[in-house]
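My notes follow in the order I looked things up.

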Amino acid sequence: MNSMLPTWIDDALRCPATGSKLEWGTREDGSVELVSTNTDGPRYAYPVTDGIPILLSFEARVVD
């Protein structure tokens, strides 16, 4: 998935729970999300609503 944000913002985005980099992804229903690249524990996915990443821990879902 291509980012909807400038590259410098993509590079700065981090998971608020783990501090790991975030990558763009797509859920099964087609909605866009940012997924953490954490390898030392849980990975979280954050929703993107109207092009705005919602980086709130309580909005995240755990990715298997």
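Predicted model: local features only at pLDDT ≥ 70, side-chain atom pairs only at ≥ 80, totals over all residues.

**Entry 1: glutamate 33.** I started with the neighbours of glutamate 33. Leaving out residues up to four places away in sequence, I found that glutamate 33 touches Glu23, Trp24, Gly25, Thr26, Arg27, Ala45, Tyr46, Pro47, Val48 and Arg61. Glutamate 33 belongs to strand S2. Is it buried or exposed? I get a relative accessible area of 5%, and the cut-off for buried is under 20%, so glutamate 33 counts as buried.

**Entry 2: the charge partner.** Next I asked what the side chain of glutamate 33 contacts. It makes a polar contact with the side chain of arginine 61, at 2.9 Å. I then checked for salt bridges and found that the structure holds one. That salt bridge joins arginine 61 to glutamate 33, with the closest N and O atoms 2.9 Å apart. The two residues come from distant parts of the chain: arginine 61 is in strand S5 (residues 61-63) and glutamate 33 is in strand S2, 28 residues apart. Arginine 61 has 30% relative accessibility, so I put it down as partly exposed.

**Entry 3: strand S2 and its partners.** I went along S2 (residues 32-36) and noted that five of its five residues are buried. Both faces are covered, with Val32, Leu34 and Ser36 on one side and Glu33 and Val35 on the other.

Which strands pair with S2? S1 pairs with S2 in the antiparallel sense over five bridges. In that pairing, tryptophan 24 has leucine 34 of S2 as its bridge partner. S3 (residues 43-49) also runs antiparallel to S2, joined to it by three bridges.

The S1-S2 hairpin has five residues between the strands, and glycine 30 in the turn has a positive phi of about 95°. The S2-S3 hairpin has six residues between its strands, and glycine 41 takes a positive phi near 150°.

**Entry 4: the nonpolar core.** I wanted to know which residues make up the largest nonpolar core. There are eight: Leu13, Cys15, Leu22, Trp24, Val32, Leu34, Tyr46 and Val48. S1, S2 and S3 are the elements that give two or more residues to this core. I jotted down the general background as well: in soluble globular proteins, nonpolar side chains tend to be buried together.

**Entry 5: serine 20.** I moved on to the loop between helix H1 (7-12) and strand S1 (22-26), where serine 20 is found. Its relative accessibility is 12%, so serine 20 counts as buried. The side chain of serine 20 reaches the backbone nitrogen of asparagine 38 at 3.4 Å. Setting aside neighbours within four places in sequence, I listed its contacts as Leu13, Arg14, Cys15, Ser36, Thr37 and Asn38. Two of these names, Leu13 and Cys15, I had already written down in the core entry.

**Entry 6: threonine 49.** Last, I checked threonine 49, which lies in strand S3. With a relative accessible area of 42%, threonine 49 goes down as partly exposed. I also took a distance from there: the C-alpha atoms of threonine 49 and glutamate 28 are separated by 16 Å, and the two residues are 21 apart along the chain.

How values were computed. Residues numbered from 1 in each chain as written. Heavy atoms only, no water. Helix = DSSP H or I, 4+ residues; strand = E, 2+ residues; numbered from the N terminus. Buried < 20%, exposed > 50% of the residue type's maximum accessible area, 1.4 Å probe, protein only. Polar contact = N/O pair within 3.5 Å; in protein donor to acceptor, adjacent residues only side chain to side chain. Contact = heavy atoms within 4.5 Å. Pairing = 2+ DSSP bridges. Core = buried A, V, L, I, M, F, W, Y, C linked by side-chain atoms within 4.5 Å. Salt bridge = Lys/Arg side-chain N within 4 Å of Asp/Glu carboxyl O.
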